Structure formats: C-alpha cells, structure tokens
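This note goes through the structure shown below in numbered points. Please keep the sequence and the model open while reading.

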Amino acid sequence: MAAAEENIEAMILRIEHKSKKIENLLKQSKPVEALQKALEGSPTNTRDQRCKSANWIVVHRAMMAIRDVDGMFSSLDPEYYDILMKYLYRGLATGDRPTCDQCLRIHEKLTEKAGLGCILRSLAETVNTV
C-alpha cells in the first residue's frame, strides 16, 4: 500500500473516531462542543473526496444540532470561523432545505461576528477546501 493511501486510511479512521466523540457530546446536549470537535482537524489539505465527505457528514451532524446560534459564538473558538464558513458554503451547495436554512442562520451570525473577511478568505482560498 502506498504511503498516500495509508495516510488517507489514517485520516478516515481519525474522522470515524471523531464522529463517535461528537455523538457522545450530542447525547450530552453539548452541540457547540460537538461542532468545535467536528471542525478540529478538518482534512482541508487533502484532495481525497472520501475524507472530505466523511468529515462533512460529521460537521453537518453537529451543525444541525445547534439551536442557539447566538449563544454558539460565545463558546466557539474564533480560530474555527474560517473553516466553519467553508462548511456553510458546502451545506448551501447541497440544496437541502433544512441544511440551507441552518447554514443561512449561522452564516448571518458568523458574518456579524467575524466580518466580511471571513467570507472572502473562505471563497478565495483554493488550496484548503472542504
């Protein structure tokens, strides 16, 4: 097996492990912590679609559990704002009504909190994609 394939398999295993942690956080009614954990270590530097899709599923699950969008930003670490914005655009691209509605709610508050630069960075950066 090539080193690249081993690296991808290791990433997928980490995402699966992260998914279990997120499910536990969601069962404990800690959606903001789950979202932060989902965004942590996102595979932005890989081109492998399996990794990107697997992590999107994890992020999506946590994002959809958020009820208090305003309160979310009092706990969410600002270092995750840009990566969250990328996932919001991925969510909007799905065309799924509940996902799009939630992405738009979060997008509005994230833009208020992080400014327009967050949008520009997420759209302009072509190397680190989700």
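1. In this predicted model, Asp-70 and Lys-109 form a salt bridge, with their closest N and O atoms 3.3 Å apart. The pair links distant parts of the chain: Asp-70 belongs to helix H4 (residues 69–75) and Lys-109 to helix H6 (residues 97–114), 39 residues apart. Lys-109 has a relative accessible area of 23% and is therefore partly exposed. As background, side chains of opposite charge can pair when their charged atoms come close.

2. A salt bridge also joins Asp-82 to Arg-121, and here the closest N and O atoms are 2.6 Å apart. This pair, too, links distant parts of the chain, since Asp-82 is in helix H5 (residues 81–94) and Arg-121 is in helix H7 (residues 116–124), 39 residues apart. Asp-82 is partly exposed, at a relative accessible area of 23%. Arg-121 is likewise counted as partly exposed, at 42% relative accessibility.

3. How far apart in helix H6 are Asp-101 and Arg-97? They are four residues apart, so about one helical turn separates them. The two residues form a salt bridge whose closest N and O atoms are 3.5 Å apart. Asp-101 is partly exposed, with a relative accessible area of 31%, whereas Arg-97 is exposed, with a value of 63%.

4. The structure holds seven salt bridges. For the charges of the protein chain as a whole, the count is 19 positive and 18 negative side chains. The centres of these two sets lie 2 Å apart.

5. Ser-122 is part of helix H7. Is this residue buried or exposed? Its relative accessibility is 10%, and buried means under 20%, so Ser-122 counts as buried. Leaving aside residues up to four places away in sequence, Ser-122 touches Asp-82, Met-85, Lys-86 and Tyr-89. Asp-82 in this list is the salt-bridge partner of Arg-121.

6. Ile-22 is placed in helix H1. At 1% relative accessibility, Ile-22 counts as buried. Which residues does Ile-22 touch, not counting residues up to four places away in sequence? They are Ala-34, Lys-37, Ala-38, Val-58 and Ala-62. A separation of 18 Å lies between the C-alpha atoms of Ile-22 and Leu-88, which are 66 residues apart along the chain.

7. Ser-29 deserves a separate look at its backbone. Most residues other than glycine have a negative phi. Ser-29 has a positive phi of about 60°, although it is not a glycine. This residue sits in the loop between helix H1 (3–27) and helix H2 (31–39). Ser-29 is exposed, with a relative accessible area of 61%.

8. The overall architecture can now be set out. How many helices and strands does the protein chain have? The secondary structure comes to seven helices and zero strands, and from the N terminus on the elements run α-α-α-α-α-α-α. The radius of gyration is 14 Å, close to the 14 Å that the globule rule gives for 130 residues, so the chain is as compact as a globular protein of that length. Taken along the principal axes, the C-alpha atoms fill a box of roughly 45 × 35 × 25 Å.

9. Three further values describe the chain as a whole. Of its 130 residues, 41% are buried. Among contacts with a separation of 6 or more, 71% are between residues 24 or more positions apart. The chain exposes about 7400 Å², and carbon and sulfur atoms supply 53% of this area.

Conventions. Residues numbered from 1 in each chain as written. Predicted model: local features only at pLDDT ≥ 70, side-chain atom pairs only at ≥ 80, totals over all residues. Heavy atoms only, no water. Helix = DSSP H or I, 4+ residues; strand = E, 2+ residues; numbered from the N terminus. Rg over C-alpha atoms; globule rule 2.2 N^0.38 Å. Buried < 20%, exposed > 50% of the residue type's maximum accessible area, 1.4 Å probe, protein only. Contact = heavy atoms within 4.5 Å. Areas by Shrake-Rupley, 256 points an atom, 1.4 Å probe, with all protein chains shown as cover. Lys, Arg positive; Asp, Glu negative; His and termini not counted. Charge placed at Lys NZ, Arg CZ, Asp CG, Glu CD. Salt bridge = Lys/Arg side-chain N within 4 Å of Asp/Glu carboxyl O.
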